[in-house]
Amino acid sequence: MKNNPLPRLDITSDWRDGLVRHCRLKPGEVWLDPDGAHRVGCVDATDKDAIAGLVSGVHPTLAIQDPPYNLVAFQRRSIQEYVDWSRSWVQMTQAVLAKDASLYVWLGADQNDGFQPLADFMVMMRDEPVVPRSFITMRNQRGYGTQKNWMAVRQELLYYTKGNPVFNIEAEYTDIPKILRGYYKKVNGVVTENMERSKSDTIRAGNVWVDIQQVFYRMEENVSGCYAQKPLKCIERIIRASSNKGDYILDLFAHSGSTLLAAEILSRSCITADIDPVFCEIAIRRLEHFRKTGKLGWQNSHPFENEMPELSVDGEAGTPRHRQEQATERVLF
Ligand SMILES: C[S@@+](CC[C@H](N)C(=O)[O-])C[C@H]1O[C@@H](n2cnc3c(N)ncnc32)[C@H](O)[C@@H]1O
């Protein structure tokens, strides 16, 4: 079995820099899918002209935005600067969305620092012409914490709507069987219990998602090098619930390309961007790899395996085993 992962690219900048020469997009450029379904732009989410050019003429019905929010990238920015930056891509998103559309935003709350930036972002969103609809929490299996606090295992997801978009309720059902009886209610004069009344044997996800496995290196969908990859299952749930086949989906922070791949799998079109050419390349290669092999990621290898079939065993980034463990230490909030 191969054991050839990339290290986390955010903390091994020399590795990232080495990969840039293998990237087909330079800053400002757009990749148009030869199959005609998707677009990937190496652009800044806050660059109005670049985003207008990328979207050009299309009005997506769904946006799934997952900005950097662990503040690693914003160490020198104040929370106000982060909020101002967020407002600019939020407004950009709204400007290009269809008149009936959904906007989902993944964001973290640092419990060691005033629950920022989530709290500040939610307040900022009150000024925007969208309707707040739900505040979803996805539960991670692994977390961070100390012996003196509750372990942090949550990933927050905000759901807003513009106009009157679709909501396909079937998408909300999980694989978790209903096991609790009770909740008696009279229907047409007959006392019924909840199992009899329900349309499904399984429970609805609701706004606390406990049934989604966090990505780790043993999973086929793993894309080593990425430090903030979302599981396909949660992106697919959003896409199924809030779009229809053939719709356009917008994601301005592509990273591992989870939204792009989920859109392909579910017969939607994705317009996605990343400011970093390396993550644009990874997203495009993930799509191409899926089309060629049916695989969702690289598990024990990586997207640049053709150019770099064997990574050095003892380089600065450590042994393959070390890199694998390091890649597992994803950013969790
Ligand atoms: C949290 S990750 C997104 C994870 C993604 N949802 C996934 O499942 O792989 C954030 C990404 O945003 C990119 N990014 C940071 N600032 C950006 C900007 N101003 N415009 C576009 N992309 C940006 C980073 O390079 C990073 O790849």
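Predicted model: local features only at pLDDT ≥ 70, side-chain atom pairs only at ≥ 80, totals over all residues.
Colleague: Okay, so are α6 and α7 oblique or roughly perpendicular to each other?

Modeller: Helix α6 covers residues 232-242 and helix α7 covers residues 258-265, and they pack at an angle of about 60° with their axes 9 Å apart. Roughly perpendicular takes in 65 to 115 degrees. That's why α6 and α7 come out as oblique.

Colleague: Which residues of α7 make the contact with α6?

Modeller: α6 passes α7 in a right-handed crossing. On the α6 side, the contact is made by L232, I235, E236 and I239. Sorted by type, the contact residues are 6 nonpolar, 2 polar and 1 charged. The α7 side brings in S258, T259, L261, A262 and A263.

Colleague: Let's move to the ligand. Which residues come nearest?

Modeller: The shell around the ligand divides into 9 nonpolar, 5 polar and 5 charged residues. There are 19 residues around the ligand, and the nearest are D66, K230, F253, H255 and S256.

Colleague: And R197, is that one buried or exposed?

Modeller: R197 sits in helix α5, residues 194-197. Setting aside neighbours within four places in sequence, R197 is in contact with K185, V187 and T192. K185 is 12 residues away along the chain, and the two C-alpha atoms are 9.0 Å apart. R197 has 11 C-beta neighbours inside 10 Å, so it counts as exposed.

Key: Residues numbered from 1 in each chain as written. Axes fitted to C-alpha atoms, helices over the stretch in contact; angles between N-to-C directions. Helix = DSSP H or I, 4+ residues; strand = E, 2+ residues; numbered from the N terminus. Parallel < 35°, antiparallel > 145°, perpendicular 65-115°, else oblique. Left-handed = near helix turned anticlockwise from the far one by under 90°. Contact = placed C-beta atoms within 7 Å. Nonpolar A, V, L, I, M, F, W, Y, C, P; charged D, E, K, R; others polar. Near = placed C-beta within 6 Å. Buried ≥ 20, exposed ≤ 12 C-beta atoms within 10 Å, placed from the backbone.
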